[in-house]
Every structure is written in C-alpha cells, then in structure tokens.
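Hi everyone, thanks for making time this morning. I'd like to walk you through one model with you looking along on the screen.

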Amino acid sequence: MSIRTRLLLVIIGLLALAFVGMSLFAGAQITAGLQVDYEQRLMSDIKLIAQGIAPAAAAFARDETDDQALAAAFAPYEAQTGASLRLYFTGNPIEQYSGDNTVRNPIPRPEPPEIDAVFTGQTLVNQRVEEDGTVYLFTAASVSSDGRAIGILQLGVPTSALQALIVQRWIVLVSGMIALTACAALLVGWISHRMLRSLRQLQDSAARLAKGELKHRIASPSSDEIGAVARAFNTMAERIQSMLEAQQTFASNTSHEFRTPLTTIQLRTEALKRSPALTQDVAARKYLDEIESEIARLTSMVQGFTLLARLDTDRMELGRDQVDIVRFASALRNQMLPQAEAKGITLSLTAPDRAIHIHVNLAHLTLVFRNLLDNALKYTPNGGSVRWSLLCEDQMMIHTLTDTGIGIAPEHLPHLFERFYRADRARLRDVPGSGLGLSIVAAIVQAYGGDIQVDSPGVNQGTTVTVRWRVQSPEPTLQR
Ligand code: ATP
Ligand code: MG
C-alpha cells in the first residue's frame, strides 16, 4: 500500500472518529435541549390556552352554553398544537369535558402529577404511558374567570411528535458530519497529493539515473525537507556523472594510446617475418606467428574498448548508410564459410527473397553479426550446424542464429552482456575470447533502438540468439 493511501486512510479515519465523537456529543446536547424546549413550550401553551378557553368554560359552567359552543372554543387550539385537551370542572357537580363530550366524571384519583401541581400553583410536564400503550406528555393549568377558579385544563400530546423532531435534527447532524468528513478527505487528499508529488519526482529521477540518464537533475527543488533530499540527490548525481565521465575518458584515452604501439609492433613483426635471417629459423617463425595472433587479439580488444567508450559517452555516431540487409547477410555468410568449413559446420541462411533496407553504419552492422556468427562457430563442436534465419514483420527485422553447440547453463544467461563475462571459464579454456563481444553487440543493437536476447535450453543443447531491429529507424529529430 502506498504512503499516500496509508496517510489518507489514517487521517480520514481520525477525522471520521473526531466527527462521530463530536456529533454524538452535540446530538446528546441537542436532544436534551429539544426536550427542555418542548416541555417549556407545552407549559406556556397550556397557560395561554387556559386563558383562551376561560370565557367559554365560564359560560358553560353557568349553563349558558352547550357542548357544541365549548367544542368550538377548544377546536382551534387542538388543531394548532396537535394535542388533546381535557377540562375538569372543579365546581359541583364535577364534570369533565373532553373534546365534544361532557361526562360527569371526577378528576382521576390519585390525581396525576401535573394536575396535583396545579393545586400548589405550579406547572409541570409528566410523561406516562396511557391505556392505549402510547407514551404521552401531560401538562395542566388552572382555568379561571373573573378571579374565580372554574377548573383544570389538561393537555396531552404523544411523545412521537418530539421523537420526530429529534430524528429530524439527528438526520441534519449526521448528513452535515458526512459532508464535512468528505470535504476534509478531499482536502487531505489534495494536500497529500501535492506533498507526495515531490517524492514521486524524486523516485522518477532516481529511476532515470539508475537507467543511465546521468545528466538528469531534479528541477527547482522545493524549500522543505523533501527539497533538501532532492538537492542532495542532485549533488550525488553530479558526483556520479563526473566520476563516470572521468573513468570513461580514461578508458577512451588508454585504448587510443594503445593503438600506435600496437601498430608499430605489428609492422615490426611483419618485417621480422620477412627477414631472410629468420625464414629458416622454425622456432623464431613459430614465436612470430604467436606474437602476430596475440597482436590481432589485442587490436580487436582495443577496437572494442574504443567503441564501448564512445557508446558510454554518447559520442558514437549512428550511421545513416542505406544497407540491404538480405544482401549483407548473404555476403557475411560467404565470408564466414571458410571458418565454418574448417570445423565441418554447416552454416545456412534463410532470408526473404526481396531487399530489406535499413539505415545503419555498415561497420556497426558487421561488428554485430560477425561477433554473433563468430560465437556460434566458436562454441559449436566440429560437425555441428549454425542456422541464421532472417524475417521481417511489422517494420521489424528478426534475426535468429541457432547453433547445435555447447549451450549455456541457465545461471550464466543473465550475465552474458556484462563486459569480460565468459560463461564457465573452465570449459572455455581452449576457446579464445575475452568476453567483450556480446557487450559490444548489445550496446550497438540498443543504440539503434533494437534488442537482443540469448537463450539456451542448457549445457550441450545449443544456443539461440535473437536480434530485433527496426527496419525504418527513426529519423534524427530536429532540435530547435
Ligand atoms: P570475444 O567475443 O570478446 O572474443 P567471448 O566470445 O568469450 O569473447 P562474448 O562473445 O561476449 O565473449 O560471449 C560471452 C560468453 O557467452 C562466451 O564466453 C560464452 O561463454 C557465451 N556464449 C556466447 N555465445 C555463445 C554460443 N553461441 N554458444 C555457447 N556459449 C556462448
Ligand atoms: Mg564472442
């Protein structure tokens, strides 16, 4: 899991926890506040209603009006509050008025707390379950007219009204909390994205440096801690680049310096071989032959070094000669035939019967396939076979060189392109070679945008080398 995801999860989790805690606390406060408010409203409502219905109640008590008149006085208050009202007359006879019925019932005994409170001049709200199983809030107030007490007005309202109000507030609170958490998450995501962008940049730069882009630097590092790491990275890249450049210059100069003495030795050896004094001396001729072959080996190594040094410092010019690869392959095969025939190896070539043109430096192309054929012939015992097949598909030419030779153990395969690497040196004791060939081949193929792969099922099971090379190599881009 990435740092960003972990950071986001932790922060959002903490935020959500904080918001849930805050909401629970606020919700409890709101619920308690709502309950108190509601009860107070009921207590003030009952007093106002008691005053409102007092004239109608007084008229009813004096038998001046009937039930309908009293019901008409109650109706607007009941509609307004959603409560049910009951009026207990305290005169004689005791009557109870509830809705549009007048019943001759006394005040219930024992008196409910809200009615009891009225006798002591107080108002309170009492919650209890009625016979129908519904929870009600009750309150009561005295009804008086002209300074004379007429009765007690009782108001009952089911708690579901208050519950609905509380639920409504909770819904508002919870949706607010969800919206707030979402906003906070977005904000945290944006901030972490900005912060981690510099880290990602650092990661990209490290990957580019590892791939060999030594000139790459992190542009305008920030002034924070990540910026400090970026500046340290740039300094490190600077040091690595200058160290490698010094090393490459040294390698390049050394190989260049080797050339002149080698040429001189070669010329002198040729001269010595022609010298009449030495023509009869068998031992001297043998030594001169050996010296000559070692010079040839050294010269080819020095050429390899020079080429690798150029490739390392991007100083190798990619050629633009137009070469017909089919003709080239056939010519090279013919050149290599004597070497193959000397070991009784059949060297075959399968290629399309049309011209395939590529743009390349002919010397580079020769170096690549000569090295590969040389390996195939070198590492195939007498009487074996080497097959070179060339096919072209989707603007890509694919060369496959398969031999029936000594093969390569799997553990060596990943190292073959390393400089001076020779697989299983003990086995190759009698086979000349320095282990540079494949590293040069790979460097050239890659410089032209192609790729190379060496496969072998195992020791003594032959080897297959595959080279993929773009037919239409890209035109050099114009620099502004
Ligand atoms: P050089 O090419 O510099 O003269 P070399 O042939 O030993 O020396 P490379 O061409 O780089 O070096 O090859 C590296 C190693 O890969 C070889 O030493 C050999 O062990 C192995 N190798 C390459 N081609 C083959 C092949 N066709 N069959 C078996 N082993 C091979
Ligand atoms: Mg080789």
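I'll start with the ligand site and then turn to a few single residues.

One thing to keep in mind throughout: this is a predicted model.

So, where does ligand 1 sit? The space that ligand 1 takes up is the largest pocket. Around ligand 1 there are 21 residues, and the ones that come nearest are Asn375, Tyr379, Arg422, Ser434 and Leu438.

Leucine 438 places a backbone N or O atom 2.7 Å from an oxygen atom of ligand 1. Leucine 436 also uses a backbone N or O atom, at 2.9 Å from an oxygen atom of the ligand. With serine 434 the side chain does the work: one of its polar atoms lies 2.9 Å from a ligand oxygen. How much of ligand 1 does the protein bury? Taken alone, ligand 1 exposes 580 Å², and the protein buries 93% of that.

Now, which elements build the shell? Those giving two or more residues to it are α9, residues 362-378, and α10, residues 437-447. Helix α9 provides the largest share, with four residues. If you sort the shell by class, you get ten nonpolar, eight polar and three charged residues.

While we're on α9, have a look at lysine 378, which belongs to that helix. Is lysine 378 buried, partly exposed or exposed? It counts as partly exposed, because its relative accessibility is 22%, and buried would mean under 20%. Lysine 378 is also 29 residues away from glycine 407 in sequence, while their C-alpha atoms are 11 Å apart in space.

Serine 220 is one of them, with phi near 30°. You'll find serine 220 in the loop between α4 (160-210) and α5 (225-274). Serine 220 counts as exposed because its relative accessibility is 69%, and the cut-off for exposed is over 50%.

The other is phenylalanine 420, where phi is positive at about 65°. With a relative accessible area of 37%, phenylalanine 420 is partly exposed.

That's my tour, and I'm happy to go back to any of these residues on the screen.

Terms used
Residues are numbered from 1 along each chain as its sequence is written. Chains are lettered from A and ligands numbered from 1 in the order in which they are written. This is a predicted model: local features need pLDDT of at least 70, side-chain atom pairs count only at pLDDT 80 or more; totals for chains, interfaces and linings use all residues. Side-chain values use heavy atoms; hydrogens and water are left out. A residue is near a molecule or strand if one of its heavy atoms lies within 4 Å of it. A polar contact is a pair of N or O atoms within 3.5 Å; within protein, one must be able to donate a hydrogen and the other to accept it, and residues adjacent in sequence count only if both atoms are side-chain atoms. Accessible areas come from the Shrake-Rupley method with a 1.4 Å probe; for residues, only the protein chains shown count as cover. On a 1 Å grid over the protein atoms alone, a cavity is a set of points where a 1.4 Å probe fits but cannot get out, and a pocket is an open set with protein on both sides within 12 Å along at least five of seven lines; lining residues have an atom within 4 Å of a point. A molecule sits in a cavity or pocket if more than half of its atoms lie within 2 Å of its grid points. Ala, Val, Leu, Ile, Met, Phe, Trp, Tyr, Cys and Pro count as nonpolar, Asp, Glu, Lys and Arg as charged, and the others, Gly among them, as polar. Buried means under 20% relative accessible area, exposed over 50%, partly exposed in between (1.4 Å probe, protein chains only).
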